[in-house]
Amino acid sequence: MNNRLILYLHGGSGNHGCEAIVNSTCHMLEDIPKLLVTNSEKEDRQYSLSPLCDILQERKIDEHFFAHVWYYGWRALFHDPESFMRYRFRNIMGKNLAPLYVSIGGDMYCYDVSKKEAILANRTFNRAGAKTILWGCSIEPELLKDAEVVEDMKRYMLITPRESITLQALKDAGIIENVKLFPDPAFALEPKEIELPGNFIEGRTIGINISPMIVSYEKEKGIAIANYKKLIDYILQTSDNSVALIPHVVWKNNDDRMTLAELYRGYEENDRVVSFSDMSCQNIKYVISKCKAFIGARTHATIAAYSSTVPTLVVGYSVKALGIARDIFGSEENYVLPVQSLQDPGELIKAYDWLMENEEMIRGRLKEIMPDYCERAAKAGDEIRRIWKQVTT
């Protein structure tokens, strides 16, 4: 029997949102032995996680030809889709089965492909006799009209939605008893200081993040980049603020540095525009905490800003952006600009102007609620600790 708490469905720390969830969760549970089962052990050892938990590379069936052929044939012949999961997680199954498995892929039920993966993994661990937790999640309400998803939700011993839209959708689907609302674990992430570039002016720099993902959601081709470029020009021309371009995901096929490089083109010699290279989630949070305001696409980049009481505008595309903003401010209006709605290249400037006109009000609101909000995020660890005690004694 494996006597460690298993953290699974982790994509790797090249997505610093994934890293932030694991980092903050590990700090909440320092008294419990933990094993992170990861899609990229190399990434997780490169950044902040290796001192916090044991790390195990999951098995990748597509890298082993004969295993792939065998399991594909088995699945087709016996109608056994869970066979791929048993291969993938073989090292934490059977005699190595642990009592408790925590799904830390908070976005898994936001997308159709990953939804299927999450359902299969949950079903596989439950059939093996383990208990599972869905941790810090957002779920698109439409998905909870799917009977298969509703049935899957009932298998979890605990679900912790990170915003109230997901909470309400679960309630509407009849999923109530195993649900407790907590802010995203990364609200409790501790920043780690780094030396800032000389042209980063603390309190007078606007942090900017854009992702290939929001570009993929735009309705009009090129509109997201056009809005960001106009915004940078506007900031430089109408204020003495500087601009910091901050990547948050550096995965090969989903790399913020690609879209940020497109924004940076033409500003390489401008000492009021600084482009940051890759760094850990804690370093990113430190940089963002020193900004005057933040305009971001990645959820956990905006969480770093919110929790550092930095006025924030989210260029969002899903329920998680809307729900988190609504819970903090009472409404997502003016705080989230859906990328799908962009039609005019000047829309981001209008949203930025509102943010700056209301800067002190927003900062005051964040200073008022964030201490308790971040503390509640950290206290979610008590729920895992309660269940861990229950399943191990």
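**Figure 1. Strand 1 pairs with strand 2 in the parallel sense over four bridges.** The model shown here and in the other views is predicted. Strand 1 covers residues 5–10, and strand 2 covers residues 34–38. H10 has T38 of strand 2 as its bridge partner. From strand 1 the chain passes through helix 1, residues 16–28, to reach strand 2. This β-α-β crossover is right-handed. Strand 1 also pairs with strand 4, residues 100–103. That pairing is parallel too and has three bridges. Here Y8 stands opposite S103 of strand 4. Is strand 1 enclosed or open? Six of its six residues are buried, so strand 1 is largely enclosed by the rest of the structure.

**Figure 2. Strand 2 is mostly covered, with five of its five residues buried.** In a regular strand, side chains alternate between the two faces of the sheet. In strand 2, K34, L36 and T38 point one way. L35 and V37 point the other way. The residues of both sets are all buried. Strand 2 is joined to strand 3, residues 54–57, by four bridges. These two strands run parallel. V37 sits opposite L56 of strand 3. The link from strand 2 to strand 3 runs through helix 2, residues 41–46, and the β-α-β crossover is right-handed.

**Figure 3. Strand 6 is covered on both faces.** Strand 6 spans residues 158–161. L158 and T160 lie on one side, I159 and P161 on the other, and all are buried. Its parallel partner is strand 5, residues 131–137, with three bridges between them. I133 stands opposite L158 of strand 6. Strand 5, helix 6 (residues 147–155) and strand 6 form a right-handed β-α-β unit.

Figure 4. V315 faces its opposite residue, L337, in strand 14.

**Figure 5. F276 lies in the loop between strand 11 and helix 11.** Helix 11 covers 281–289. Is F276 buried or exposed? Its relative accessibility is 9%, and the cut-off for buried is under 20%, so F276 counts as buried. Beyond its neighbours within four places in sequence, F276 contacts L196, P197, F200, A244, L245, I246, P247 and V287. P247 is 29 residues away from F276 in sequence. In space the two are 7.1 Å apart, C-alpha to C-alpha.

**Figure 6. Helix 13 packs against helix 15 at an angle of about 95°.** Helix 13 is residues 319–329 and helix 15 is residues 359–392. Their axes are 10 Å apart. Helix 13 is therefore roughly perpendicular to helix 15. Helix 13 brings I324, D327, I328 and F329 to the contact. Helix 15 brings I362, R365, L366, I369, M370 and Y373. By class, the contact holds eight nonpolar, no polar and two charged residues.

**Figure 7. Helix 14 meets helix 15 at an angle of about 70°.** Helix 14 covers residues 347–357, and the two axes are 4 Å apart. Helix 14 is therefore roughly perpendicular to helix 15. W354, L355, M356 and E357 of helix 14 meet E359, M361 and I362 of helix 15. This contact has five nonpolar, no polar and two charged residues. Which residues of helix 14 are buried? They are E347, L348, I349, A351, Y352, L355 and M356. The cover over them includes strand 7 (205–208), helix 9 (223–238) and strand 12. Strand 13, strand 14 and helix 15 are also among the covering elements.

Key:
Residues are numbered from 1 along each chain as its sequence is written. This is a predicted model: local features need pLDDT of at least 70, side-chain atom pairs count only at pLDDT 80 or more; totals for chains, interfaces and linings use all residues. Side-chain values use heavy atoms; hydrogens and water are left out. Two strands pair if DSSP finds at least two bridges between them. Buried means under 20% relative accessible area, exposed over 50%, partly exposed in between (1.4 Å probe, protein chains only). Contact means heavy atoms within 4.5 Å. Axes are lines fitted to C-alpha atoms, for helices over the stretch in contact, and angles run from 0 to 180 degrees between N-to-C directions. Angles under 35 degrees count as roughly parallel, over 145 as roughly antiparallel, 65 to 115 as roughly perpendicular and the rest as oblique. Ala, Val, Leu, Ile, Met, Phe, Trp, Tyr, Cys and Pro count as nonpolar, Asp, Glu, Lys and Arg as charged, and the others, Gly among them, as polar. A crossover is right-handed if, with the strands pointing away from the viewer, the path from the first strand over the helix to the second runs clockwise.
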